[in-house]
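Student: I have a new chain open on screen. Can we go through it piece by piece?
Tutor: Go ahead and ask.

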Amino acid sequence: MTQTRAALRPTVLTALLAALLSVLLAPAPASAASLQEVTGFGSNPGALKMYRYVPDGLPAGRPVVVALHGCTQNAAGYASGTGWTTLADRWGFSVVLPQQQSGNNLSQCFNWFEPADTRRGQGEAASIAQMVDRQLADVSGDPSRVYVTGLSAGGGMTAVMMATYPEKFAAGGIVAGLPYGCAQAAVTAYVCMYVGATQTPAQWGDRVRAARPGYTGPWPALTVFQGTADYTVKPVNMTALVDQWTNVHGADRTADVDDTVAGYPHRVYRGPGGNAVVETYSLTGMGHGQPVDPGAGEAQCGAAGAYFLDVNLCAAYRLGKAWQLG
């Protein structure tokens, strides 16, 4: 038995050395992409910062997602908390992450309620549009597959971008946000958030149409996520968004699909051509924040934290699927 063990030692040692050498000599894994700031992207009348995430080796002709953080948040936190960067690596698209500055708004909110920032060619709306143009040029992105989404004030600014630059966006995703034109100052913004504004669908639609005079379409499709226990942005705002964008698309307000997704009420409204133009997720019992579902499953993404609420449904994943990103 002793001789057998002695005879085996050279073979075992050789195998161990070979395994060690294979690890030491193996090429180092490619470094993961990281968030980068971009300067000089245009005249930047809204004085915003531009960040972006571009997966390593991203080929030309891929989609672009613009993701707008909520109040008190920043680009980096929103990028990771939502799961957008994880999905960008998985499915192959780039992400533009505008960031508010405290000089514009002390709470880091995008100014979705200030006329100087919500009109085409002006302020923050123009700055975000310039970021889109810069990103498409830098990564040779697909201009027909640009999407915009955001939380709370970022959701309000998402509606602004869909209304003022509809030709740039194929679709938008609003999380706990507000309809375009609901407020024209900080005081009326609180009324919209806590009470809601009373307008007919046609009046809501007229506000969008007035933002881009003479534009005849196509208009971006819209997906809305809203918590039923949200006391910061009341659920009535989702109703107003449905009224506004079904009217813009010439659709009625009767849902063509009324089912559940992950246990939550889900509705789809189709336009005259039969395509989905408005989609809603009513998140029963959820407060104010971005729906996430941390984990390694196919439909899971995001990380729980302040205003990132683990409700077993990841908004970024649902948007990505609706937009056929992956």
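Predicted model: local features only at pLDDT ≥ 70, side-chain atom pairs only at ≥ 80, totals over all residues.

Student: How many of the residues count as buried, in percent?
Tutor: 50% of the 326 residues.

Student: And what box do the C-alpha atoms fill?
Tutor: Roughly 95 × 45 × 40 Å, taken along the principal axes.

Student: How many helices and strands are there?
Tutor: The chain has nine helices and 12 strands. Among contacts with a separation of 6 or more, 67% are between residues 24 or more positions apart.

Student: Let's take a strand. Why is β5 called largely enclosed?
Tutor: Strand β5 covers residues 146-151, and six of its six residues are buried, so the rest of the structure largely encloses it.

Student: Which residues sit on which side of β5?
Tutor: V146, V148 and G150 are on one side, with Y147, T149 and L151 on the other. Both faces are covered. As background, side chains in a regular strand alternate between the two faces of the sheet.

Student: Which strands are joined to β5, and do they run parallel or antiparallel?
Tutor: Strand β3 (residues 64-68) is joined to β5 by five bridges, and the two run parallel. Strand β6 (residues 171-175) is also joined to β5 by five bridges, again parallel.

Student: Switching to W84. Where is it, and is it buried or exposed?
Tutor: W84 is in helix α3, residues 84-91. W84 counts as buried because its relative accessible area is 0%, and the cut-off for buried is under 20%.

Student: What does W84 touch, apart from residues up to four places away in sequence?
Tutor: The list includes V65, A67 and T149, as well as A316, L319, G320, W323 and L325. V65 is the residue opposite Y147, and T149 is one of the buried residues of β5.

Student: How far is W84 from S94?
Tutor: They are 10 residues apart in sequence and 9.3 Å apart in space, C-alpha to C-alpha.

Student: Now helix α7. Which of its residues are buried?
Tutor: In α7, residues 201-211, the buried ones are W204, G205, V208 and A211. Those four are on the same side of α7, because they span an arc of only 115 degrees around the axis.

Student: What covers them?
Tutor: The cover includes α5 (153-164) and α8 (236-249).

Student: What about the surface? Which residues make the nonpolar patch?
Tutor: Y190, V191, Y194 and V195 make a patch of about 400 Å². V195 is in the loop between α6 (186-194) and α7. With a relative accessible area of 57%, V195 is exposed.

Student: Last one, E37. Which strand is it in, and what does it contact beyond four places in sequence?
Tutor: E37 is in strand β1, residues 36-38. Outside its sequence neighbours, E37 is in contact with K49, M50 and Y51. E37 counts as partly exposed, at 42% relative accessibility.

Technical notes. Residues numbered from 1 in each chain as written. Heavy atoms only, no water. Buried < 20%, exposed > 50% of the residue type's maximum accessible area, 1.4 Å probe, protein only. Arc of directions from axis to C-beta. Contact = heavy atoms within 4.5 Å. Patch = residues over 30% accessible without salt bridge, like charges linked within 9 Å, V, L, I, M, F, W, Y side chains within 5 Å. Areas by Shrake-Rupley, 256 points an atom, 1.4 Å probe, with all protein chains shown as cover. Salt bridge = Lys/Arg side-chain N within 4 Å of Asp/Glu carboxyl O. Pairing = 2+ DSSP bridges.
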